[in-house]
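Hi everyone, thanks for coming.

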Amino acid sequence: MALSGGADRGSHSMDKSITLPPDEIFRNLENAKRFAIDIGGSLTKLAYYSTVQHKVAKVRSFDHSAKVSLQETDGDPLYEISVQEEITARLHFIKFENAYIETCLDFIKDHLVNTETKVIKATGGGAYKFKDLIEKKLKLKVDKEDEMTCLIKGCNFVLKNIPHEAFVYAKHADSEFRFQNTHPDIFPYLLINIGSGVSIVKVEAEDKFERIGGSSIGGGTFWGLGALLTKTKRFDELLQLASKGQHTNVDMLVKDIYGGAYGSLGLTGDLIASSFGKSATTDKEFSKEDMAKSLLHMISNDIGQLACLYAKLHNLTRVYFGGFFIRGHPVTMHTITYSINFFTKGEVQALFLRHEGYLGAIGAFLKGAEEDNPNQYSWGENYAGSSGLMSVSPDLNPVQRARSGTFDMLEMDRLERQLVNLPLLQDPTSYIPDTVDLTEDALAREYWLYCFEEALDGVVKRAIASQKDQPEAAERAEKFRQKYCHKLQTLRHQPFAYGSLTVRSLLDTREHCLNEFNFPDPYSKIKQKENDMALKYYLKVVKSFEELSWEQRQFTLVKGLLAGNVFDWGAKAVSEPWLVDAYNQWIERLKGPPHKCALFFVDNSGIDIILGVFPFIRELLIRGTEVVLASNSGPALNDVTNSELQILTERIAAMDPVIHRLDKVLATVVRERGTDLVIIEGMGRAIHTNYYAMLSCESLKLAVIKNSWLAERLGGKIFSVVFKYEVPSKAQGQH
Amino acid sequence: MSKITLPAYANVYISEGKKPFPWFGMDIGGTLVKLVYFEPKDITAEEEQEEVENLKSIRRYLTSNTAYGKTGVRDVHLELRNLTICGRTGNLHFIRFPTVAMHRFIQMGRDKHFSSLHTTLCATGGGAYKFENDFRTMADLELLKLDELDCLIQGLLYIDSVGFNGHPECYYFENPSDTQNCIKRPCCLDNLFPMLLVNIGSGVSILAVNEKDSYKRVTGTSLGGGTFLGLCCLLTGCETFEEALEMASKGDSTNVDKLVKDIYGGDYQRFGLQGSAVASSFGHMMSKEKRDSISKEDLARATLVTITNNIGSIARMCAVNEPGDQAALYRAFRVYRIPSEQKLPTISREYMKIERVVFVGNFLRINTVSTKLLAYAMDFWSKGQLKALFLEHEGYFGAVGAFLELLKSAKVRRGGVKPDSLSMQAFLLCQAMYHVTSPKSCLAFEYF
């Protein structure tokens, strides 16, 4: 089935037929509930809550209690892996042109089965217009919500939940989009919503906001006045015209009046003294492009100026811009940014939002879902199901532009637990986990995209191998390949699609795509095998270490950590000298008093965790340091997962009295136990991310660089060792 | 005695008390040139005889006509009569013509041998810089260039102080929020400072004036008179400001603008927005039907209302944002000579707020739609805290300021001629040659 637009498309020539099958757009409708709709002047945004059933890999410990010694378990796996169905909550947001409303409502009606939903929350100017249609088609009562309230609610939600939601636009920079770090406290901020008019809203808390001002000169003025001046009907076409025009032909500049700059006031000659001033004094004809450009400048500058005046009056520096005038249009983002820079002399930056178009729908949805307390949870953008930011820049190829004109999706998964910053970060506001921003670093981007493409075949094979018993696994794996391949293609053209592109986000995207096709943990079997094998050697290794002198033992333990970390890539030895070598400082520290509590972020399964990490922490425990092990909650490559780690710890604790278990919410533990040492292991945690993270306590970052390109970039060789021991400057004084 | 060539300012200084005519002040803006001319009425028979022919012809030409060429106009209704200035009594005339006619004007200066007259042509506005070379090469005239904002303020304060032929120069609107009972009332500019001065020419400059010699340009906007006229010309095909205003006076902007009630059916109570407030200027014009059904008059009116409201909005924000200068405030409160070691009580921000917004500039000429709208906007949005004031000689203050500089042109001026060693030499030279001792003339050199 394919949808096609029923309404008159006017002179617009873009092909509007939907190429994606609609069940890939309105997904998970079976259990959908809590519908909300935001109907704007040209776009409709639909929101609903649904549940997704997907497979997860579970590990369950076999009962070994009957067996007294380790030897007796020889040959038996430590735990069993089972794939279970799990239900998680997902938010769906879909954006499409108003012309599709009827067809879309029909589709939703046909697919909505298990819902007890009676009402649909509605907002936006068009909500009134389409009220009857919605009620008739969906048999749901339309419940209108205040537009501004929805907008703010939505804005708060995306700012809190989506990393890199806000960005600064820099037209001429290497990367047009400079994504902002998520600030733990998003308030207060100013939201300038440029719809047909302009609303300026000050937001101080989740439910506290005030419209402090506005202007009637907004998007409607650009569109209306532009249509009169250029006889061009569509907003997008007006922007196209504007992007080609020269405003200096229409505007009176300072130099037109002064012959040059107005030096004593610091006004440059190119500054616009009077918008459209030349059309008052010259009788010539002006081109459509030039008039559109002049109009765009006039309106953007005016809004920028007012925004700055309000920001100054209320002493606010975070100023977000939204509304259809902005909506991803590089031309308007550029002129607004320029204007804000000019009027605040660079003190305030204009910020834009990746999901700006969804704010109203998200807000309306949240209003309707208040009893589910969605704000209580953390939600994460699902990269597999979300379209990402589409640039509508005229320079981009028409295929992408056409896509942005049809359907756009945002899906968010409810995370198992609320995400918070590690309390040990020196400055959470400036914490940027990722070492290299691939959005800005074109060379690195090329390399990593290539890497992930190259690795795709292997991942597909492994995925199939992890589900040998299921005959359709190959087919699913192929679908996964296509999906991820497509994502990589998109990211090659639009690296900004999901915020800052990083090695981490590339990995996350792959996990999301794997999950999408029910490959919850392709590495589970390999991990299981490796864990079982390593366990057999644990006591032997520990014993051999005990025979060494203290100095020797410390070095062997560190080498063990590094060797375990390198093993999975088949390296025989690490490169000498170490790239970052703080070993001596670390040993000196160990001669001092024991740490109170160490927090260890572990990496791989198998040898790494069992023969590298456990002997190492054992030594710490003997010293009198408490140890907290932190691992991934979900699978990622051969990383040890939390549930696997629990079984492993239990098992090791059973044979080694030095090890005992601890399981509590990490952030609380860190605070309660007075953590004074953080150990971060592995490339993913210590190099790709956190390499520059400053902690408020001592830290040890160790990894083997298992990638020649990265090693070279950091000035070393493949299998170079990074052993970074850092003491925060404040603590240093105390020692 | 050998002829000594002196710099222009010294030249003026020499003639202190008996400055040679003609007395002009000129403000060359982006769209209009404003000219003030002092017509002496106390010319003695002796002077009459001595008066050179071309000077006489200039005087006759300017005072006997009210229109010059196709586009020059003398605003007879603004003429200031029986003005005594620098010991002379006469009438001050206000003349304007479009800047596009500037070259014709310079040619006229050449034809009338203006350069042979013993006067300095004091000019302000951007055109003083832009046309300086043309004056020099085409008419052998040196301009004394003056900063336009300095001139604007000095001119304004002067006209306000002499009044408008016995009436106050300043006026405001009583009941600004009531269109039926909104009445223009004259008023005196007592307690003038601090004030916000909004000069609406082709573009707009907004100044915070703390006292006579202390001001700063707060901001400006490119949406000004030029934008109104420019857009009107494009939208309606009109050609002059008068035409555009005439159309605007007959139009209805609500056919063009989208109001709050057009979107919300009535008031937007959540935010206290009245249904009659404009939500989107030209917002109705997004629809083709509406575009086809409106008149040129409606478009002209909407353009006027849009530009005016926007200026009002920015001016109001500037007024509330300007913290005001503490020192100036003390002076305004007549708190003089406070010993420096004594700690001054801090005056809260509330008291330092600017309460008066003075609108000037030629955009307001014959434009009661805008003046009333500005008065209303200031009053409404500030909940009565801000008062909009207007001046009868709307756009001429810059020219008046330039004219005043002619009469004391050796004073320090920003952007104009700066005192330097040469002027010091000139002063000493003058002193030696002319034995100038009068304290008044020394004022001209107070920067020493």
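Let's start with Asn301(A): setting aside neighbours within four places in sequence, Asn301(A) touches Ile272(A), Ser339(A) and Phe343(A), where contact means heavy atoms within 4.5 Å. Asn301(A) sits in helix 8 of chain A, residues 288-313. Helices here are DSSP runs of H or I with at least four residues, strands are E runs of at least two, and both are numbered from the N terminus. Buried or exposed, then, for Asn301(A)? Asn301(A) is buried, at 15% relative accessible area; buried is under 20%, exposed over 50%, and partly exposed in between, with a 1.4 Å probe and protein chains only.

Some housekeeping. This is a predicted model, with local features needing pLDDT of at least 70 and side-chain atom pairs counting only at pLDDT 80 or more, while totals for chains, interfaces and linings use all residues. Residues are numbered from 1 along each chain as its sequence is written, chains are lettered from A and ligands numbered from 1 in the order in which they are written, and side-chain values use heavy atoms, leaving out hydrogens and water.

Next stop, Ala369(A), in the loop between helix 10 (359-368) and strand 15 (379-381) of chain A. Ala369(A) is buried too, at 1% relative accessibility. Beyond neighbours within four places, its contacts are Arg34(A) and Pro374(A). From Ala369(A) to Lys244(A), 125 residues apart along the chain, the C-alpha separation is 45 Å.

Now a helix pair. Helix 12 (residues 442-466) and helix 13 (residues 473-493) of chain A pack at about 175°, axes 9 Å apart. The axes are lines fitted to C-alpha atoms over the stretch in contact, and angles run from 0 to 180 degrees between N-to-C directions. So helix 12 of chain A is roughly antiparallel to helix 13 of chain A; the cut-offs are under 35 degrees for roughly parallel, over 145 for roughly antiparallel, 65 to 115 for roughly perpendicular, and oblique for the rest. Residues making the contact include Leu449(A) and Phe452(A) from helix 12, and Phe480(A) and Leu488(A) from helix 13.

Last, confidence. Chain B has a mean pLDDT of 82, with 80% of its residues at 70 or more; pLDDT is the predictor's per-residue confidence, from 0 to 100. For the complex, the predictor gives an ipTM of 0.84 and a pTM of 0.83.
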